[in-house]
Amino acid sequence: MEYGTIITTRQGWTGTIKLNRPEAMNALNSQMVKELIAALDDFDRDNTIRCVVIAGSERAFSAGADIKEMAGMTAVQMAMTGHFFPLWDRVGRFPKPIVGALSGFVLGGGLELAMSCDVLVASETTQLGQPEIDIGVMPGGGGTQRLTRAIGKYKAMEMILTGRRIAADEAKTLGLVSKVVPREAYLSEALKIAEEIGSKSPVAIRQAKMAVNKALEMGLSNGLDFERELFYLLFASEDKDEGMKAFMEKRKPEFKGK
Amino acid sequence: MKTEVKNGVMWITLNRPEKLNAFDGQMGDDMLESLKEAEKSSEVRCVVVTGEGRAFSVGEDLNANKGAYEGGKPVLLGEVLKRKYNPIVQRIRRMEKPVVASINGVTAGAGLGLALACDLRAASDKATFHEAFIKVGLAPDSGTSFWLTRIVGLAKAMEIGLLGEPVDMTMALNLGLVNWVFPDDRLREEVTKISERLAKGPTRALGLTKRALNRAIVVDMDSALEYETYLQDVAGRTADHAEGVKAFFEKRDAKFNGN
């Protein structure tokens, strides 16, 4: 499909969405939001796609929401259109895993988009922040909730209240990104992780992603019950039969997503 | 500040000889601009930093702040570091081209920070190092505490930092603080040879080597090993690598074009 603000490609099990507004450092605007949703819909329906990578450019994953577009909006307009909410909702409930390939600026809505992904790889040049406070507002796309859950209250407060950015290595120390790699390698590393995830059983991957996400929302005993139900359910899958058989036959399993 | 590009080498010359090349605000800005230009220009494949006159650089220009000091007002040195020296040190370390310090004379304070931030140091036998901060009641800055401990070890760094005695080039060479010491009248000629050799080298691989070494001094071995594998993957795809291997098989000198 042809888009104006993003580029999508398919390779192996992986569908890649590359944000492509280089003139605006990949700032999110309403067209990009619509196109991101359409691309995610497309990859969701496509059974040959088992994992998605969202990337920007080496210079900027995304510098945030397009302030020019946002500056003229009224509170009522924001509320009635939901602003970017349809995107946060779509990406937040996306059933397949998403690997975020970060480099350069990952700011504001850019960081909120990144935190909607499931695994984050960062180039050594990455700078992450929620600078909304500097323009007289606050994060509105999940930043206060997801950042706090990811790195804890005190570090999240510091970042959100001062607008200060953190570098890739610090983000790794805080557990926000899994890997920091040279800038030449961030995209290839993200694709490698995506392909690795794609080689597993899509059924098990789907359930596992859901269970981990629920851990942030449920109390422990409900979470454990939920996990157990999902676990039992996997015993009805062909992929479970194949996986265990391959293990005993000492060969690589071939999962079909059934 | 003077800059000149010759045979692939950008010579950056600190040019306030009457002030022993002390840094005022202007020189700090000029230095940053020159480094930016060196980074961008594909013609430049090596950088030399040197000083005009009898000093390399004596660091911050205390005279420029004389009024403030005499008026009893503290100078906001933290701001000076953040705005002037730290960005210079960071830019030199991050530049993916070799930077050679041609240390022609007295080197003190942030001037020493500048020299230590460079990748290689060639010095005149007349040069001296002064980690002079303690003499004016200050702590080490502009990266000198970082580099001294890494180059000479903690014990020697303590001695240099706490006593602030000058280090002559015989001792500097023994400690590894400089790579070469040359008779004063041969310094320029020798640095020209070294820098032009570097400018003819495989620039990408030199840059990647710099990144690998930069990282290796601050991380654990496993991370350093992993980082090396990524960089080698990049180096392995450069034209200069292909040329280097081809020249090896053909038993001739490689001709690197920097890509």
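Predicted model: local features only at pLDDT ≥ 70, side-chain atom pairs only at ≥ 80, totals over all residues.

Me: Let us start with a strand. How many residues of strand S3 of chain B are buried?

Reply: Burial is judged by counting neighbours: a residue is buried if 20 or more other C-beta atoms lie within 10 Å of its own, and exposed if 12 or fewer do. Strand S3(B), residues 46–51, is mostly covered, with six of its six residues buried. Cys46(B), Val48(B) and Thr50(B) point one way from the strand, while Val47(B), Val49(B) and Gly51(B) point the other way.

Me: Which strands are joined to S3(B) by bridges?

Reply: For pairing, one looks at the bridges and at the direction of the strands. S2(B), residues 9–14, runs parallel to S3(B) and is joined to it by six bridges. S5(B), residues 99–103, also runs parallel to S3(B), with four bridges between them. Val48(B) illustrates both pairings: it is the bridge partner of Trp11(B), and it stands opposite Val100(B) in S5(B).

Me: Where does phi take a positive value in a residue other than glycine?

Reply: Two cases may be set side by side. Asn7(B) has a phi near 50 degrees and lies in the loop between S1 and S2 of chain B. Leu20(B) has a phi of about 55 degrees, and its place is in the loop between S2 and H1 of chain B.

Me: Are these residues buried or exposed, and why?

Reply: The neighbour count decides. Asn7(B) is exposed because 12 other C-beta atoms lie within 10 Å. Leu20(B) is buried because 21 other C-beta atoms lie within 10 Å.

Me: How should I read a nonpolar core, and which residues touch the most other members of the largest one?

Reply: The largest nonpolar core has 126 residues, of which Val99(A), Ala101(A), Leu102(A), Val121(A) and Ala190(A) touch the most other members. Helix H9(A), residues 186–198, supplies the largest share of this core, seven residues. Leaving aside residues up to four places away in sequence, Leu102(A) touches residues including Phe61(A), Leu120(A), Val121(A), Val177(A) and Tyr186(A).

Me: How is each chain divided into domains?

Reply: One reads the bounds, then the separation of centres, then the contact. Chain B has domain 1 (2–199) and domain 2 (203–249), with C-alpha centres 27 Å apart. Eight residues of domain 1 of chain B are in contact with six residues of domain 2 of chain B; the domain 1 side has two nonpolar, no polar and six charged residues.

In chain A, the assignment gives domain 1 (6–198) and domain 2 (202–248), and 26 Å separate their C-alpha centres. Here seven residues of domain 1 of chain A are in contact with five residues of domain 2 of chain A, and the domain 1 side has three nonpolar, no polar and four charged residues.

Me: Finally, how many residues does each chain give to the contact between chains A and B?

Reply: The contact takes five residues from chain B and four residues from chain A. Helix H10(B), residues 221–235, gives the most to the chain B side, with four residues. By class, that side has four nonpolar, no polar and one charged residue.

Key: Residues numbered from 1 in each chain as written. Chains lettered and ligands numbered in written order. Helix = DSSP H or I, 4+ residues; strand = E, 2+ residues; numbered from the N terminus. Pairing = 2+ DSSP bridges. Contact = placed C-beta atoms within 7 Å. Nonpolar A, V, L, I, M, F, W, Y, C, P; charged D, E, K, R; others polar. Core = buried A, V, L, I, M, F, W, Y, C linked by C-beta atoms within 7 Å. Domains from an automatic or database assignment.
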